[in-house]
Every structure is written in C-alpha cells, then in structure tokens.
Amino acid sequence: VVPVNSPSHQIAFYAYVSDHDQSSLPTHHTLVFDTVKLNRGQGYNENDGIFTVPVTGVYGFAWTVAVHDYSWASVEILVNGEVVGSAYAHAPTGMDFGTGFAIVQANAGDHAFIRMQENGNGAISSNARGRTSFLGWFMF
C-alpha cells in the first residue's frame, strides 16, 4: 500500500484558456485550457484538454467558464464518459461567469474533461479580467 502523502499521490493541475475568445463552439466540443500553471503528476494535457487520472482515488474538480456581451455558454464535465457536473454563464451585458464543482471516484487511466453541453451563443472569453479555467486534485 502506497501512503497517501507519497510523491506518487501528489497530483494537482490548474490550467486556463489563454487570452482569446472562442466563438460558435459546437455541442460536445472539448475545451482546451492551453495555459498550464500547475501540472503535478503530469496528468493534464494542454494539447487536447484532457486530464488522465494517474492514480485511482477520489478527485476534486472545479471549472469556470467566462462569457461576455450578449453571450451564454453551458459546459459540462465528464469523467470516463459520464457527465458528473455542469455550469452555465449568461452575460446580457459586460462579463459573467459560471463555476462548477465535482468530487468523484476515478480509476487510473480514466479521462476527465470539460466540453460544451450545447451550442453556445457568442464567445467563451478568457483574459486578465476573468479566466475560463479547469483544475483538479487528488484527495485520497
């Protein structure tokens, strides 16, 4: 048995969408969080937006989607192909944010990612005023 505080269990990642807008994203489009600030355990892939679970256990995930001026977006998180949470943001003017949280049991090799739940209207935004982001960590 590997102790929970061993280096193989020190798993956490945080990434966000770089400074640009993504408009007219289709249903089930996977969001790619291309600016990685932390990737302990190397489970997150900034090229495809997918976190591959390195160690079986309980994980916490959080995500935020930002939209601006007359836009809305509905996103969902999937773990091993199952929807386990969602978030919605709507900005009639200015900027708005939707944030979601999920705690799940996941097995080594499972995939976790954020995708569009349905076609958004307008653009998902990410800039210095507010980031579209995705993070996760091994709990136990």
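In which sense do strand 1 and strand 12 pair, and over how many bridges? Strand 1 and strand 12 pair in the antiparallel sense, and the pairing extends over 5 bridges; two strands are taken to pair if DSSP finds at least two bridges between them. Strands (E, at least two residues) and helices (H or I, at least four residues) are DSSP runs, numbered from the N terminus. The model is predicted, so that local features need pLDDT of at least 70 and side-chain atom pairs count only at pLDDT 80 or more, whereas totals for chains, interfaces and linings use all residues. Residues are numbered from 1 along each chain as its sequence is written, and side-chain values use heavy atoms, with hydrogens and water left out.

An open sheet is formed by 5 strands with antiparallel pairing, in the order 4-5-10-7-8. Strand 4 (44–45) and strand 8 are its edge strands, each pairing on one side only. Strand 7 and strand 8 run antiparallel and are joined by 9 bridges. Serine 71 stands opposite alanine 91, a residue of strand 8.

A search of the whole structure finds 1 salt bridge, defined as a side-chain nitrogen of Lys or Arg within 4 Å of a carboxyl oxygen of Asp or Glu. The partners are glutamate 76 and arginine 115, whose closest N and O atoms are 2.7 Å apart. Glutamate 76 lies in strand 7 (residues 71–79) and arginine 115 in strand 10 (residues 111–116), so the pair ties together parts that are 39 residues apart in sequence. Glutamate 76 counts as buried at 5% relative accessibility, and arginine 115 is buried with a relative accessible area of 15%. Buried means under 20% relative accessible area, exposed over 50%, and partly exposed in between (1.4 Å probe, protein chains only).

The largest nonpolar core has 32 residues, and those with the most contacts inside it are Phe51, Tyr59, Phe61, Trp63 and Phe134. A nonpolar core is a set of buried Ala, Val, Leu, Ile, Met, Phe, Trp, Tyr and Cys residues joined through side-chain atoms within 4.5 Å. At least two residues of this core come from each of several strands, including strand 1 (12–16), strand 9 (95–106) and strand 12 (133–138). Strand 6 supplies the largest share, 5 residues.
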